[in-house]
Structure formats: C-alpha cells, structure tokens
Amino acid sequence: MSQSQYEELTRQLVQISLLGSCGSVLGWDEQTMMPPKGAEHRANQSSLLAGMVHERSTDSRLGELLNDLEQSGEYADERPESANVRDARRRFDRATKLPRKLVEEMSRVSTLAQHAWVEARKKSDFSHFQPWLEKTVALKREEAAAIGFADGGVPYDALLDEYEPGMSTAEVSAVFTPLREGLVELGAAIRNSGIEPDASIITRRYPIDAQRRFSRFAAEKIGFDFEAGRIDEAPHPFCSGFGPGDCRLTTRYDEHHFSGAFFGTLHEAGHGMYEQGLDNSYYGTAMGHSCSLGIHESQSRMWENFVGRGRAFWEHFYPSAQQEFPEALGETSADEFHRAVNDVRSSLIRVEADEVTYNLHIMIRFELEQALVTGDLSVTDVPAAWNQAYRDYLGIEPPTAADGCLQDIHWSGGMLGYFPTYALGNMYAAQLFNAARRDLGDLDAMFARGEFSPLKDWLNKNVHQRGMQYSAGRLVEIVTGEQLSHEPLLAHLKSRFEPLYGLA
Ligand code: ZN
C-alpha cells in the first residue's frame, strides 16, 4: 500500500519543483534580460507563482501521505526513498509551521528592507537601514520560535537548518573556533613575511571580449556542459539550475580586473556542474536535489580555488591566457601571474577577499548574527561591533558603513543563517579534494595536462548523484572517512601559501 502513496507523494513533489523552477526562469530573466519598466509586472508574476508553490507545499494531502508513509515504518533507513520521505517531511514542517501572516510580513519587509539597504549603502548611512534590520531580526526570531529546534539547541539552529539541514550552531562553532585561530596566525605570518606579489598584474587592461572567450573556454574545459547551460551577464554573479538540461550561470566583466570575471566564472561553473551532475531520474525529490548550500559551495570553491588558483592549472592555461591577453601578460611569467592571483591581504570586502582571509569575514558575520538573534547585540550597536571584529580578526577598520556592515545583501533579504555555509563549503571542499586525490592519484599532473574529467566524474559519482541521501556531515564522512574538520582546509592553505610567502 505504501508504494502507491510514495508514488503520489513524489508526483506532488515533482509538480512543486516544476512550479518553483518557473519562478527561477523569471528570476534569471529579471537579473539578465528584463527591461527596467518590467519590474512591477515581474514582481506580480513572481509573487503569484510563490503563492502557488506555498499552497501546494502546505497541501494537507501531503501531510496525510507523509503520516501514512512514516507510520508504515518502511522509510526510516538511508535508502533513497527514505531520504525523499524524510526531506519532504522537513520541508512540509517548515512550510506549515510558519503562520501565513508571518510569511507575508517577511516577504513585505524583505522587499522594503532591500530598498532601504540599497539607499543606505549608497549614502553609507546605517541609520537608514537600522529600523528595517530591527524588523527583520524580530521576524527571524519569530520564525525560529515557530519552527523550533532540538533539545539543548539554540534558536539560531532553526535558521541555519534552512540552508544546511541537520547542522547545529554548536557544530559550526566547534570547527570555526580552531579554524579562526589557525587563520589569524597564518594571516599574520603572511603580513610579516615582507613579500608582496605584484597585484597590479591583475588590474592591467583585459579586453572584455577576450575575457568572455577565455572564461567560457575554461568553464567548458573543466566540464561545464554548454549544451545544458548558458552563461550571461548580470550585476551579481549567480548560478540557477532550472532543472534537467538547463543551468544558467551569470558573471560580470571589468576591463581592469582579470580575477573577478575569470574566477567568478569558475566558481559559478562549479555550482553549475553540481546542478548538471544531479540524477535527473529523481527530479523533484530530495535525491535529485543538491545536499546543502555548504556542499554546493564546496563545489564552486573547489573549482575556483583548489583547482583554479593552483600552479598546475596555470601550467595548462597560461599559454592561452598570454595569447588572449598579449598586452597584459605578454611579458609576465606564469609564476608572477600565479603569485598575483594568490595575493593575500586583509581587505574590507568579503566578496573580494583571498582564500586565507575569506573565512574570517564569514566568522564575523556568524558571530554577529547569533548575537542579534539571542538579543545580546542590539541592532543600533551593529556598526561598532562590526568594526571591532574587523580590528580583532583582520587588523583593519572600515572607514565607512558601506565598506563595513552594509556591504552584503543577505540581512536585508532576511537570510540570517546563510553566511556560515560559505566557510563550511571551504572546509568540505578541502576534505573532498583530499579524498579525490586519495582515489585518483596525482591531480596536479592531470590538471597540468588539461585533464579535468577525472575529478569531475569523481564528484559526479561521490557527491552529485547522491543528492540529499545523507546530511552534509554524513556525506563527507561517507566519502572521506572523516568527520567535518577544519584541519584539511588549514593544511591546504598552508601548503599553498607558505611557499608563496617564503614561510616554508
Ligand atoms: Zn557560491
């Protein structure tokens, strides 16, 4: 009997995903193609679709099916079908536990808060955003209370669970603390090394047409399938997987900055290859869905940093880079260029940060968010607390709020609990990359020969095709044999940067 109920459940889930993916097409179009005057009509279209998705996601029939399937006792193990039922329950509970009034208020506040944030950032005036952040934090507290969290947990767990299912605040803190200590130490050693790469190499003139060709060439070479995806331009780079056979990437070009578009494209292509690697036969269910935002980020960061900023990668790509950019790179050696794309220095803006300091930007936000949710930090005090944290962790202080606590869009969109997934992604990436090397052998030698498919195929099999069969932590444990740990990431950073800065 439970077989037919399972089939009915998956049919409903597929329809919810199909509807949701229509919203993704509209969202992509809004960022890339839509003329400005279409904004209001688009908002109406998107809101109608979001309402339809919410209605279907909270349909009482889904609840009945889930109750029956759970009571059958046949879906309590780690089989794919059980993972699908378990995640459908998680989503159903999240959707039904939130009162409709709260959902609508959140959506209204986040639209207005984003407008206020854009204004506040332009004027670098925190007071303009402050009342909206207060409303947002109050709503997120209500949300956390409505959703609930495990015994012994904290309200922040409920927010984190939306992005990193199954991960607790305490587990994140347990790896962030030792990682922070190691990073602060490595950062200081690099600053005191007296070595500074010639970062001006990156800001020479790189004609945009050539950048477009070269980043596409690299994305294709590492394995992004352009028959099942596209790359277009948008003010904020992102990846949107619409569903089987259609994954959209965006990037932005700056004639006087090589790294932004190039590494941004590798990053988004890493996300895209995850979407393209999902098992389409499970479309609409958890097994056909990416595991968590942290695992998603592990894929983008692996291709961007572990592969793309490695010396072996440029062994292969540098001659073509010199051909594409003769004016900028004709007289520059591969070593000089490689050092320039691995320039480490404390900086104010998270999205421009290097591999070493990036995680410190994340930890600052993670700590402030928790303090906001518990009430230990009042919104009025955010700019001061932000600046203090930058002094403590990075040894610098933002001169303006625009370069400080107003730089990210997340809080205005109500996305509290999102930031930690970026640093978790870096840690997962280090662990998975080690496991790939254990299984495949000398990855650097392959990259130097331009062979990227062994790594891509390995990720397809070990990560992508497993969808949400396991939680992120469990997936990493199964693939690597180890629990989530800060150590592989620290080891990777040391092995890359100590030689570059004469520390080893
Ligand atoms: Zn990303």
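Predicted model: local features only at pLDDT ≥ 70, side-chain atom pairs only at ≥ 80, totals over all residues.
Close-up 1. Searching the whole structure turns up 0 disulfides, a disulfide being a pair of cysteine sulfur atoms within 2.5 Å. Cys 22 is in none, and the nearest cysteine sulfur, that of Cys 247, sits 16 Å away. Cys 22 is partly exposed at 39% relative accessible area, whereas Cys 247 is buried at 2% (buried means under 20%, exposed over 50%, partly exposed in between, with a 1.4 Å probe and protein chains only). Residues are numbered from 1 along each chain as its sequence is written, and side-chain values use heavy atoms, with hydrogens and water left out.

Close-up 2. His 267 (NE2), His 271 (NE2) and Glu 297 (OE) are the protein donors, 2.1 to 2.3 Å from the zinc ion. Donors here are N, O and S atoms within 2.8 Å of the metal (3.2 Å for Na, K and Ca), and with water not among the atoms, sites may look incomplete. Along the sequence, the donor residues follow the spacing H-x3-H-x25-E. Both histidines, His 267 and His 271, belong to helix 10 (residues 258-277), 4 residues apart, or about one turn of the helix. Helices are DSSP runs (H or I, at least four residues), numbered from the N terminus. His 267 is buried, at 10% relative accessible area, and His 271 counts as buried at 10% too.

**Close-up 3. Helix 9 against helix 12.** The axes of helix 9 (residues 208-222) and helix 12 (residues 311-324) come within 11 Å and cross at roughly 155°. Axes are lines fitted to C-alpha atoms, for helices over the stretch in contact, with angles from 0 to 180 degrees between N-to-C directions. That makes the two helices, helix 9 and helix 12, roughly antiparallel (over 145 degrees). Residues in contact (heavy atoms within 4.5 Å) include Phe 214 and Phe 217 of helix 9, and Trp 314 and Phe 317 of helix 12.

**Close-up 4. Helix 17 against helix 19.** Helix 17 (residues 420-440) packs on helix 19 (residues 453-462) at about 115°, axes 11 Å apart. Helix 17 is therefore roughly perpendicular to helix 19 (65 to 115 degrees). Among the residues that meet are Leu 432 and Phe 433 in helix 17, and Leu 455 and Trp 458 in helix 19.

Note on methods: Parallel < 35°, antiparallel > 145°, perpendicular 65-115°, else oblique.
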